[in-house]
Each structure stands twice: as structure tokens, then as C-alpha cells.
Amino acid sequence: MAEAQQARVQKAVEDMVQSLERDHIRKMQGRMFHCSAECCERPGESMNQVHQCIERCHTPLAKAQGLVTSELEQFQDRLSRCTMHCNDKAKDLFDSGAKEPAVRALMDSCVSSCVDEHLNLLPSVTRRLKDSLNSIPQ
């Protein structure tokens, strides 16, 4: 993928992740740490009970991080498939005798379209992630 196109995607995804972290994940981290601290303040409980309590405190955050990771992997896979399709089209054009400038122009145009399509998907990905994060029991 061309550097400029890759930078556009990277910036948009980073902005989305930072927004999710600031508005959702950070709050979950705070709850997890408070909950874990409360587990440690139970003098009558065994080490195993405290450990299980802490694990329960970590579960919502672990689920959240898994959701975000999975959604980002799916997004990346879809974008990769789109750019692979562009590579196939460029190879076919080159194999049919087209010159390098025409192949490069096709490739640039195709990759740019892939990036535009996928950047347009980010608002719905963000919305879906926010809904999923909000539905995780605390």
C-alpha cells in the first residue's frame, strides 16, 4: 500500500482507538484497579480467594481489549483483501502487456479506493465497538 494511503489509515485507526481508550477503556481500567484494591483489603480471605477476586475484576477489561483487538483484526483483514485484489488486477494488466506507468496508475487508484471505502467504514466500526464496550457487565 502506498505510504500516504497507509498513513491515512493508520491515523484514522489511531484516532479511533485513542477515542475508545479515553472514553471507555480508561474508565474500565479505573474500575478494575479499584475493584482489585478492594480484593486486597479483605484480610480474612485466603490468597486463592483474593486472586480469584482480582481475576473477576480484570475480566471486563480483558473482554473489552479482546473486542477491540478482534474488530481491528477484521478491519485489517478486509483492507488487506481489498489491496490484494488490487495487486491481482495490476498483475493481470501487466501480464496483458500494459506498460508500468499504466499498471502503477491502476494500482494507485485501486488502493486509494480501498482506503476510502475502509475509512468510510470506521464510523460504523466505532459505533459497534462503543455499543459492545457499553454492554460489558462491570
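Select S36 to start: leaving aside residues up to four places away in sequence, S36 touches I54, C57 and H58, where contact means heavy atoms within 4.5 Å.

Before moving on, a word about what is on screen. This is a predicted model, in which local features need pLDDT of at least 70 and side-chain atom pairs count only at pLDDT 80 or more, while totals for chains, interfaces and linings use all residues. Residues are numbered from 1 along each chain as its sequence is written, and side-chain values use heavy atoms, with hydrogens and water left out.

**Stop 1: around S36**

Is S36 buried or exposed? S36 counts as buried because its relative accessibility is 9%; buried means under 20% relative accessible area, exposed over 50%, and partly exposed in between (1.4 Å probe, protein chains only). Helices here are DSSP runs of H or I with at least four residues, and strands are runs of E with at least two, numbered from the N terminus.

**Stop 2: charged pairs**

Side chains of opposite charge can pair when their charged atoms come close. The structure holds eight salt bridges, each being a side-chain nitrogen of Lys or Arg within 4 Å of a carboxyl oxygen of Asp or Glu.

Stay in helix α1 and select D15 and K11, which lie four residues apart, about one turn of the helix. Their closest N and O atoms are 2.8 Å apart in a salt bridge. D15 is partly exposed, at 37% relative accessible area.

Next, pick D23 and R22, another salt bridge, with the closest N and O atoms 3.5 Å apart. D23 is partly exposed at 30% relative accessibility, and R22 is partly exposed at 44%.

Then go to E45 and R42, whose side chains meet in a salt bridge at 3.9 Å, N to O. E45 is partly exposed at 31%, as is R42 at 35%.

**Stop 3: zoom out**

Select the whole protein chain. How many helices and strands are there? The protein chain has three helices and zero strands. Its radius of gyration is 22 Å, well over the 14 Å that the globule rule gives for 138 residues, so the protein chain is more spread out than a compact globule. That radius is taken over C-alpha atoms, and the rule is 2.2 Å times the number of residues to the power 0.38. Turn the model to look for the box that the C-alpha atoms fill, roughly 80 × 25 × 20 Å along the principal axes. Finally, colour by burial: 29% of the 138 residues count as buried.
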